[in-house]
Amino acid sequence: MSVCLLWLGLSALWQAADIHAAVTIDQVTLTVLPASNVESGTEVIFRCEASVSQSLSQSLTYSFRLLQDDQVVYAENISASVMEHSLSSVRVSNSGHYKCSVHIYNKHKMSDVLSLSVTGLQIPTLKVKSDIVSEGEDIIATCSASEEIGSLVFYFYENDLEVKRVKSNGNSVKTILTTQKVTEIYLRCAYIVMMHSNAGFSNKSNMVKVIVRDLDAITPQISISPKGNVVEGDRVQITCMVKYPSDLELYLTKNITILHKSHTTFTKSLVVRAEDSGDYVCKAEKGSVQKKAVYTLHVAELFSKPILRMSPEEVFEGDRFNLTCSSNVTSSVKIGKADIKYVLLKDGGRIKEDAEYEDTASPATNGKYYCMAMAKEVNKTSSPHDVKAKVPVSAPVICAVDEVIVGKPFRVSCEAESGTLPINYTLLKTHVPVAHRTVVTAADRAIFNVTFISFPEDINTFTCRAYNRGSSFSRTSEPLTSPVIVPVSRPVLETKEDTISEGSDLTLICRVQQGTYPITFTWYHNRVILRPSIKEVRSSEGRHVIKAIKREQRGNYYCEASNYASETKESDPAKIDVSLALWKQAVIGLLCILLLVAIVIVLIFFCKRVSHPRRRKQETELSVKPSRPKSGDPMRISLTLDIEDNTVLNGTPGVMGRNVWSGNASGSDSDDPPDEDSKLVQPQEVGLCREVPVTKSIEHHYSVQHTEVQVSTPGVLEQADGAALEYAQLNNSEQGPA
């Protein structure tokens, strides 16, 4: 049973939630009556209506909000779907953009924007606390626009000229106006709405007349006694008087100095001096109004302002100096010269009651001195005189500013440790002045430019002289001492020999004749540096050893030398030739011999190979024919061989240029037997690669025989008898096979 009740409760809640969710706001409409553009003071009604759709017919709660420029100006929760809001009398500040929003449950909808424009501003009202005021008195004025709302800016006018502007969060403002004019003035005011400045200015308020009265009653009077000639030391009485001393302030001034202040008439007494001459002003002041009276006082001088003099004008420590104070009598009727008393003072302390003072200059006497002259209660003080004993210049010190290098310019400085500025410095070379400098401030230095020196010992010829009180009191420095750098001379590259065997050590010696240590030597091979530079601290030469030199290391070598003079000099190049090692030369010679032997063997073998084919060819092609060939042979060739007995030539039997064979040859089968005299002669081998020596004294005897060789050629007619083709004589002797 309880379970069923719980189920029914949950179902009801679910249905209620479902009913609430079944609500939608279709449209929200905002209207303004009577119109969106109205005059100021019109009653305006804003009407907001919501159109809602829902699943069940039930009462809904509508939450309406009316917004002006996104700010809520009215809100209401009602059960009706229409909300109205009335403004009984609209003003310019009600102008703006309006929207209406509606909330139902979790639903929300906003209307379109509707603009309301209100034109016309209320005419303000101006009031003053009092319309009759005295000169300089404040005017309290109030400007208000009671019907306007919002923040306003009020403008105040004096005779139609703006004199003040005041901002207010309300519709009225009170302010203070000040005027210096003695006349009648007319005041008015106007305003604008700060948030709606485009609405323009309101019309000006009513006009208020204010009368400003003159304050002649507070004008003071001034008098000085005695009225005749006034001389220094006289006492005068200055009176400042006002008729109506009510609520005012009275001043006595000279230039910008207030001598006395009071609220009523007063008299000022003082002993005057010449510097008291001038205009004295009596001034009465009430509020912002001032009235004044002026009196010019002339005071004759009793005696002149004292003057303190020092002799001599410049003094050095140890010198005597004298101070004298003097003044001239101007009014001899009043006093004489003896009536003037003097007092000498130093740094505010009295040192002597006399017109003269003498002392020896020292640091203790340095200070500000002045004197005072007194007569008839008149004291006059001289202008201060600054006494500062000058310090004689000390012996200067000369030193080189830059590195001193022979043949190059450098700078030297001359400076005294003590001495009052300005100090004059002179540079001397061998006691002859060459340049002058004057040092005026402590930051300055006496720097001299020296063109160059030719030898290191020339550095000691320079001295400098300093003085600050005349050349007769000058001091001279010690001679200049400074390290002098001598540039290196042109180096010479030396080697023990120009040609060196490969694998030997090459020693390169780079030597200079002069140059300040340390000297840096650098060696090059064909313009390529050999290794990092070497500094020889106490030597004028440097050595570089190339271990086990190679053939590719031959070429031009040179060296460079430099020191702190920053001037590098280069030697002449030395050409080094690297020959082969002895064992390499022996190997190459042996290889050459072996190569020649191999070439000879190859040539001999080639000659033999060429001669054997020729002999075999002769044996094959040659056949012996009769000495008289038949007339019927188709071709007859006459071969002439020169037979030379070369026994005489080479001492061995041989055949050269003889008939090799004779006989008849027929192109057809012949039954004729061969000639008995016919022989087959074997041709001897001719040495082609060997020359036969010829001796001019030996005569050659040639025996010529004609042997005819017939060659049968098919289809060729037999040539005429006796036609023979003779072969050239064979001049080369043939040798038999070896």
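The structure is a predicted model, in which local features require pLDDT of at least 70 and side-chain atom pairs count only at pLDDT 80 or more, whereas totals for chains, interfaces and linings use all residues. Residues are numbered from 1 along each chain as its sequence is written, and side-chain values rest on heavy atoms, with hydrogens and water left out. The protein has three helices and 55 strands; these are DSSP runs numbered from the N terminus, with at least four residues for helices (H or I) and at least two for strands (E).

**Overall composition**

- Of the 738 residues, 35% count as buried, where buried means under 20% relative accessible area, exposed means over 50%, and partly exposed lies in between (1.4 Å probe, protein chains only).
- The accessible surface of the protein is about 43,900 Å², and 52% of it belongs to carbon and sulfur atoms; areas come from the Shrake-Rupley method with a 1.4 Å probe, and for residues only the protein chains shown count as cover.
- Among contacts with a separation of 6 or more, 63% come from residues 24 or more positions apart, a contact being heavy atoms within 4.5 Å.

**Sheet E27-E28-E31**

- Three strands form an open sheet in the order E27-E28-E31, with antiparallel pairing; two strands pair if DSSP finds at least two bridges between them.
- Strands E27 (307–311) and E31 (356–360) are at the edges and have a single partner strand each, so one side of each lacks a neighbour in the sheet.
- The twist averages 15° from one strand to the next; axes are lines fitted to C-alpha atoms, for helices over the stretch in contact, and angles run from 0 to 180 degrees between N-to-C directions.
- Strand E28 (residues 320–326) pairs with E31 in the antiparallel sense over five bridges, and Thr324 stands opposite Glu356 in E31.

**Sheet E44-E46-E50**

- A further open sheet has three strands in the order E44-E46-E50, again with antiparallel pairing.
- Its edge strands, E44 (492–494) and E50 (541–546), each pair on one side only, and the twist averages 20° from one strand to the next.
- Strand E46 (residues 506–511) pairs with E50 in the antiparallel sense over six bridges; the bridge partner of Leu508 in E50 is His544.
- Glu541 lies in strand E50, and its side chain makes a polar contact with the side chain of Arg511 at 2.5 Å. A polar contact is a pair of N or O atoms within 3.5 Å; within protein, one must be able to donate a hydrogen and the other to accept it, and residues adjacent in sequence count only if both atoms are side-chain atoms.
- Leaving aside residues up to four places away in sequence, Glu541 touches Ile509, Cys510, Arg511, Phe521 and Glu536.

**Salt bridges**

- The structure holds 25 salt bridges, each defined by a side-chain nitrogen of Lys or Arg within 4 Å of a carboxyl oxygen of Asp or Glu.
- Glu84 and Arg47 form a salt bridge (3.4 Å, N to O); Glu84 is in strand E6 (residues 82–87) and Arg47 in strand E3 (residues 44–54), 37 residues apart.
- Lys584 and Glu502 form a salt bridge with their closest N and O atoms 3.2 Å apart. Lys584 is in helix H2 (residues 582–621) and Glu502 in the loop between strand E45 (499–501) and E46, so the pair ties together parts 82 residues apart in sequence.
- Glu567 and Lys569 meet in a salt bridge (3.9 Å, N to O).
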